[in-house]
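Student: I have a model open and would like a close look at one part of it. Please take me through that part, then connect it to the rest.

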Amino acid sequence: MNASALFNAEDRASYRILQAISNAANQTLSESTLQEQFGLTKYKLNKVFDGLNADLVAVSTETPSYLDDLEKGYWRAHHLTKVILQKLRVMYLKRSYEFTVFEYQFFFSARTPKSKYMKEHFISNAKFYEASAQLKNDLADDFLSPHEPADTEFATRLALFQFYFVAYNGIASPFKELDETVAALIRTLEAQLDVALLPTQTTKLRFFLKIWLLRMMNGQHIEKVLPGALELPGANGRLDGIHKILPKQFGVTSAELDYLYAFLAIWHYLPPASETDLISAARLPKAGRMTDEFLVLVQSRHILDDPGETDLSPLRQALFGLHVQMVTFYLAPTTFIDDQQISFFCESLPRLR
């Protein structure tokens, strides 16, 4: 689900206008185009202009981002980067009534009385129920992928993981009250598994662990470790150190540890030997079939210069790892949040431009 679907109405309109300007040539659009495209009067458009500039000031760093209308009838953006757009997205989420209800529904509904939550978040009873009705419609569209009823908790956690990772990654840390606990968990996992995680791995794991902890704290526990008929061997004591960190109220069951262990294996957090023993085409046949079909396609399209002399085993291994993720803990790619990253990629791999 696109995070902007949860914004307050005015913020949603402002964000879409800014996206349109960002995508325009020279980041410049005429007021008449904006009025026609977004159905706004001249008065409302001017109000959006002032509001966006105030918001851009709030998220700017050393180089200010802003809009000007020095050329009569045109809006032009200055220093409007992907990072600035993502910072605005997080800011708009945080002040959204619907997002407030979203977090209550998924993380606090079973452990915090609604009246207390509304008071803490300065939201009226009427506004809470209005936002709840709108959220129900928005979630019905595309938040959860199609799944069997038995896989509801797995699908919900995966959707939440995807949502927060895409919205916050590289910009901010959600649920900062869990930062200390998550840092301790990661240190314990590195020690128990005898691995040293890369910064990118740590970031992804931090998001995953926060969703894992919050769902357990709210009383929603995993029963099936993987969706459908998929199964992997469990943790078998390899994650026992977690019990020393997490109090009993988290309710860490054997199934929950197996769920965490499966994620660690599938996203390459385990030592290579352990990972190879755990994940195979025999255990995850759908991923194996997807890999075989793709390799047949590669060979049939004559993509390889000399297929008869080419060792396809490294390609098969890499593709199988991707397909395993696709049928289990799929996370859409979010490589580029910064324009400089895109430029670096293009310069490094000019054939892929």
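Predicted model: local features only at pLDDT ≥ 70, side-chain atom pairs only at ≥ 80, totals over all residues.

At what angle do helix H4 and H8 pack, and how far apart are their axes?

Tutor: Helix H4 covers residues 82–94, and it packs against H8 at an angle of about 125°. The two axes are 8 Å apart. Angles over 145 degrees count as roughly antiparallel, and 65 to 115 as roughly perpendicular. H4 and H8 are therefore oblique to each other.

Now the residues at this contact. From H4 come Gln86, Arg89, Val90, Leu93 and Lys94. From H8 come Phe163, Val166, Ala167 and Tyr168.

Next, follow the chain out of H4. Ser96 sits in the loop between H4 and helix H5, which covers 97–108. Ser96 has a relative accessible area of 1%, so it is buried. Set aside the neighbours within four places in sequence, and Ser96 is in contact with Leu6, Phe7 and Asn8. Asn8 lies 88 residues away along the chain, yet the C-alpha atoms of Ser96 and Asn8 are separated by 5.2 Å.

Phe102 is another residue to look at. Not counting residues up to four places away in sequence, Phe102 touches Met1, Leu6, Leu135, Leu139, Phe143, Leu160, Phe163 and Tyr164.

The largest nonpolar core has 103 residues. The members that touch the most other members are Phe102, Tyr164, Trp212, Leu239, Leu264 and Phe329. Helix H8, residues 152–168, gives the most to this core: ten residues.

Move on to helix H10, residues 199–217, where Met216 is found. Met216 has 2% relative accessibility and so counts as buried. Beyond its neighbours within four places in sequence, Met216 is in contact with Arg157, His221, Phe250, Gly251, Val252 and Glu256. Glu256 is 40 residues from Met216 along the chain, with 8.9 Å between the C-alpha atoms of the two.

The sheet comes next. Three strands form an open sheet in the order E1-E3-E2, with antiparallel pairing. Strand E1 (28–30) and strand E2 (66–68) are at the edges with a single partner strand each, so one side of each has no neighbour in the sheet. From one strand to the next, the twist averages 25°. E2 and strand E3, residues 74–78, run antiparallel and are joined by three bridges. Across this pair, Asp68 stands opposite Arg76 in E3. Helix H3, residues 42–59, packs on the sheet and touches E2 and E3. The direction of H3 makes about 145° with that of E2.

Last, step back to the whole protein. The secondary structure comes to 16 helices and three strands. The protein has 353 residues, and 44% of them count as buried. The C-alpha trace spans about 65 × 60 × 40 Å along its principal axes. Take the contacts between residues at least 6 apart in sequence: 74% of them join residues at least 24 apart. The accessible surface is about 19400 Å², and 53% of that belongs to carbon and sulfur atoms.

Note on methods. Residues numbered from 1 in each chain as written. Heavy atoms only, no water. Pairing = 2+ DSSP bridges. Helix = DSSP H or I, 4+ residues; strand = E, 2+ residues; numbered from the N terminus. Axes fitted to C-alpha atoms, helices over the stretch in contact; angles between N-to-C directions. Contact = heavy atoms within 4.5 Å. Core = buried A, V, L, I, M, F, W, Y, C linked by side-chain atoms within 4.5 Å. Buried < 20%, exposed > 50% of the residue type's maximum accessible area, 1.4 Å probe, protein only. Areas by Shrake-Rupley, 256 points an atom, 1.4 Å probe, with all protein chains shown as cover. Parallel < 35°, antiparallel > 145°, perpendicular 65-115°, else oblique.
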